[in-house]
Amino acid sequence: LQVQMRCLLVLMCVTHSLAGGLDGMIGTIITDARKNDIPVVFALTRNKIGKALGKRVRMSAVAIYSADGAEMEFKKMLKEAAQGRVEFQKSLVTES
């Protein structure tokens, strides 16, 4: 049984320059998520992702499989992420 993830939460400053390293692996995960129409949300830092989950470890990405009990917050997160992408794209246009 393969469970479909609902969202991928990734640290906000990931780089794709290190092929084969952690950033390369995260790049592959992001690409796979996008191919499968899974929303990718860039937010927080490694420390803050871990802290938000009550962990004392640094995390680069978290897969969300269920939003049970937090559906409203989940939808709000996706909406705010979409708005952030629009604003980011606008900033790229104004810089060029």
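1. Secondary structure. The chain of this predicted model contains 3 helices and 3 strands, and when these elements are read along the sequence they follow the pattern β-α-β-α-β-α.

2. Confidence. The average pLDDT of the chain is 86, and 86% of the residues score at least 70. Confidence is highest in strand S1, residues 7-10, where it stands at 94, whereas helix H1, residues 22-35, has the lowest value, a mean of 85.

3. Surface and burial. The chain has 96 residues, of which 26% are buried, and its accessible surface comes to about 7300 Å², with 57% of that surface belonging to carbon and sulfur atoms.

4. One residue to look at. Where is Ser-60 found? Ser-60 sits in the loop between helix H2 (46-52) and strand S3 (61-64). Is Ser-60 buried or exposed? Ser-60 counts as buried because its relative accessibility is 10%, and the cut-off for buried is under 20%. The side chain of Ser-60 is also joined to the side chain of Arg-46 by a polar contact of 2.7 Å, and the range given for helix H2, 46-52, begins with the number of that arginine.

Methods. Residues are numbered from 1 along each chain as its sequence is written. This is a predicted model: local features need pLDDT of at least 70, side-chain atom pairs count only at pLDDT 80 or more; totals for chains, interfaces and linings use all residues. Side-chain values use heavy atoms; hydrogens and water are left out. pLDDT is the predictor's confidence in each residue, from 0 to 100. Helices (H or I, at least four residues) and strands (E, at least two) are DSSP runs, numbered from the N terminus. Buried means under 20% relative accessible area, exposed over 50%, partly exposed in between (1.4 Å probe, protein chains only). Accessible areas come from the Shrake-Rupley method with a 1.4 Å probe; for residues, only the protein chains shown count as cover. A polar contact is a pair of N or O atoms within 3.5 Å; within protein, one must be able to donate a hydrogen and the other to accept it, and residues adjacent in sequence count only if both atoms are side-chain atoms.
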